[in-house]
Amino acid sequence: MLVRVGNKKKWFTASWLEGSAVHMIDQRLLLFRFKIVALKTHKETAEAIRNMTVRGAGSIGAAAAFACAQAVLECRQKDWPKKALKGFERIANTRPTARDLFFAIERIKRAVDGKTLKEAKELAVQEAKIISREYQVRGKRIGEHGSKLLKHRARVLTHCNAGWLALHDWGSALAPIYIAKRQRKKVFVFVDETRPRLQGAKLTAWELANEGIEHAIIADNAAGFFMQHNEIDLCVVGADRIANNGDVANKIGTYEKAVLARENGVPFYVAAPTSTFDFNCRSGKHIPIEERSEQEVLLVTGYCRGLHNVRIAPKKSKALNPAFDVTPAKYIKGIITEHGIIKPKRSSIKKLARKCRK
Ligand code: MRU
């Protein structure tokens, strides 16, 4: 997406490969600073995925693909392929919920399997670049299909950040809004702030402001109020993993928004590329949910000549911090994919799986 840096506008994706170094926007510093970091080894890139320098399912997938390519490039004849496989394992152990992480690792594994080291180095880099490019195309198609749901002056609620920072290059949930804007439709976005890490207030609001799209940040617990007062026409959220019965894991808080939407007659859509579908997962019950540090709940991070953490709860209090929840399929009106909008049910997802195998 085009980003204004200083007085120039430049096109950025969340991460990219230059030689053997992975470059990425440090999303922990946004909106306060726009900083690119360069990661020279697969270990550094894996750590950047773990500590959320890069985050959002699709961008995690692309970064994981680049990290796998680095792991192959770091091999010498005597340790190929053992060292690379160990690297892939390290990358797989960074974030458990995002299906795209495993999708990307499996793709690179398949591309280099049984190859000589020389061939593998070339193929791993090539495949990682293809995966990143595919995300750009998938996001744009999701945007084109999803934009049909948005009328001129539509009022949309979204949760967390499923924009271009989270999925190269258009995003998933925000892609329909970006495309609608290019179709000259006006859209107003209600942005859930998304406690505890505030991806909505920090990243989604930053993306929308950068694109000149009208929006307002709302406290997470205000969504019901606006739905009840008929101020929201539809909800669109992203996904981190979708089971083959249509249950969707997404950022914590998504489930309650979906229940509120049902109660208030607001259609609730999920936008995700097919790489986010876990075709072997029977239901949401089987999706691993990442537990993150309680510090994310007990402290808030702000910027004043550098990033600072401020405690907002008693020293003796503990916190619980599941990073995702599962929205049962019955609350979801449709899933917007690059192949079109499908029903969240086994038969439609089976059909989609067949398309992906082709
Ligand atoms: O923990 P994060 O920030 O990596 O979580 C991912 C998300 O931002 C969302 O859950 C999002 O809606 C799906 S990512 C396209």
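**Figure 1. Surroundings of Val22 in the predicted model.** In this predicted model, Val22 touches Trp16, Leu17, Val37, Ala38, Leu39, Thr45, Phe66 and Gln70, when residues up to four places away in sequence are not counted. Val22 itself belongs to strand 4, which covers residues 21-25. One of the residues touched by Val22 is Ala38; the two are 16 residues apart along the chain, and their C-alpha atoms are separated by 5.7 Å. Val22 counts as buried because its relative accessible area is 0%, and the cut-off for a buried residue is under 20%.

Figure 2. The ligand is surrounded by 18 residues, the closest being Arg55, Arg95, Asp240, Asn250 and Lys251. It sits in the largest cavity. Helix 2 (57-73) and strand 11 (248-251) are the elements that give two or more residues to the shell around the ligand.

Figure 3. An N or O atom in the side chain of Arg55 is 2.5 Å from an oxygen atom of the ligand. Gln199 places a polar side-chain atom 2.9 Å from a ligand oxygen atom. In the case of Asn161, a backbone N or O atom lies 3.0 Å from an oxygen atom of the ligand. Taken alone, the ligand exposes 400 Å², of which the protein buries 99%.

**Figure 4. Lys257 and its contacts.** Lys257 is part of helix 9, formed by residues 254-263. With neighbours within four places in sequence left aside, Lys257 is in contact with Leu157, His159, Asp192, Asp220, Ala223, Met227 and Phe268. Lys257 has a relative accessible area of 1% and is therefore buried, given that the cut-off is under 20%.

**Figure 5. His152 in a loop.** The loop between helix 5 (117-147) and strand 6 (154-158) contains His152. Apart from residues up to four places away in sequence, His152 touches Arg184, Lys185 and Lys186. Towards Lys186, the side chain of His152 reaches the backbone nitrogen at 3.1 Å. The relative accessibility of His152 is 45%, so this residue counts as partly exposed: exposed would require over 50%, and buried under 20%. His152 and Cys304 are 152 residues apart along the chain, and a distance of 39 Å separates their C-alpha atoms.

Methods
Residues are numbered from 1 along each chain as its sequence is written. This is a predicted model: local features need pLDDT of at least 70, side-chain atom pairs count only at pLDDT 80 or more; totals for chains, interfaces and linings use all residues. Side-chain values use heavy atoms; hydrogens and water are left out. Helices (H or I, at least four residues) and strands (E, at least two) are DSSP runs, numbered from the N terminus. Buried means under 20% relative accessible area, exposed over 50%, partly exposed in between (1.4 Å probe, protein chains only). Contact means heavy atoms within 4.5 Å. A residue is near a molecule or strand if one of its heavy atoms lies within 4 Å of it. A polar contact is a pair of N or O atoms within 3.5 Å; within protein, one must be able to donate a hydrogen and the other to accept it, and residues adjacent in sequence count only if both atoms are side-chain atoms. Accessible areas come from the Shrake-Rupley method with a 1.4 Å probe; for residues, only the protein chains shown count as cover. On a 1 Å grid over the protein atoms alone, a cavity is a set of points where a 1.4 Å probe fits but cannot get out, and a pocket is an open set with protein on both sides within 12 Å along at least five of seven lines; lining residues have an atom within 4 Å of a point. A molecule sits in a cavity or pocket if more than half of its atoms lie within 2 Å of its grid points.
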